[in-house]
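Have the model open as you read.

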Amino acid sequence: MTETDPPEPVLSARGLVKRYGRVTALDGADFDLLPGEVLAVVGDNGAGKSSLIKALSGALVPDAGEVRVDGRAVHFRGPLDARRFGIETVYQDLAVAPALDIASNMFLGRERRRGGPFGRWFRTLDAGRMRAEAQRVLDELGIKVKSITQPVETLSGGQRQGVAVARAAAFGSKAVIMDEPTAALGVAEAGKVLALIDRIRGRGLPVVLISHNMPHVFEIADRIHVHRLGRRVAVVSPRTHTMNQVVGLITGALRLTEDGTVEEVASAVHTGLSP
Ligand SMILES: Nc1ncnc2c1ncn2[C@@H]1O[C@H](COP(=O)(O)OP(=O)(O)OP(=O)(O)O)[C@@H](O)[C@H]1O
């Protein structure tokens, strides 16, 4: 690789297809996540964004196409397969167990056992170690809570989202994928989640962010993947393109040319169908 070569994507996909009966959710979708970046995925309702990230996180098995990790083809049969590759996903519906405390939530399904015969034979949990580790991750990410032992149901929406994001950041070693992490939050709490994403990027972990919130996307993303009708139609930078242009790409009013500029898509009236 020379200095001018683009970096190898950490996570990528080529030609993904997913059909639900007559509906084509993914229609030959490509995807590339570069090291250390925040990549926003934007698109209209039904464009196939969720289907795309489900394929990348193992929650959906595509009918055709390929997912690659560090350039090598992988075949995820479920979310656990993706996790084994260090790909963690935070879903829109906040997969936390409300009655359990913060530390238990962070280690849900990955509990630490005590060493020695107790851990081995009685499967005794190492609560102290889990609490200490959970606290360390929260501190590192700047998430403030009263106590690591408080039930998650006593937290605000933003704090809960923080716990879900912290869990992904703690276990993700390759990439963190987030589906609308700020959708249900107020302005202040959404700001904190954006700051959290920034810190995760600061630790060198790339983040995929699905969002309908254009100001958030422009605030945090390094690049923007525009999804339309089941496939990637453009990748642009918030530094070189405006929000209006991105909205035009989403609706199909604009398209990206080879040199990276955008142009209006001629309507039927302009295409010679009428004199
Ligand atoms: N399990 C399913 N069964 C049937 N159709 C589905 C299923 N999941 C998604 N679809 C359809 O596939 C298309 C793409 O859906 P998808 O959820 O991926 O889009 P999206 O861009 O994430 O939309 P939104 O922004 O509204 O969440 C839609 O037409 C949707 O109705």
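Leaving aside its neighbours within four places in sequence, which residues is Val 208 in contact with? They are Leu 33, Leu 39, Val 41, Ile 53, Ala 175, Ile 177 and Met 178, where contact means C-beta atoms, placed from the backbone, within 7 Å. Bear in mind that this is a predicted model: local features need pLDDT of at least 70, side-chain atom pairs count only at pLDDT 80 or more, and totals for chains, interfaces and linings use all residues. Residues are numbered from 1 along each chain as its sequence is written.

Val 208 and Leu 209 touch the most other members of the largest nonpolar core, which has 67 residues. Such a core is a set of buried Ala, Val, Leu, Ile, Met, Phe, Trp, Tyr and Cys residues joined through C-beta atoms within 7 Å; buried means 20 or more other C-beta atoms within 10 Å of a residue's own.

Now for the sheet. Pairing here takes at least two DSSP bridges. Strand 3 (residues 38-42) and strand 8 (residues 207-210) run parallel, joined by four bridges, and Val 41 stands opposite Ile 210 in strand 8.

Methods
Buried ≥ 20, exposed ≤ 12 C-beta atoms within 10 Å, placed from the backbone. Contact = placed C-beta atoms within 7 Å. Helix = DSSP H or I, 4+ residues; strand = E, 2+ residues; numbered from the N terminus.
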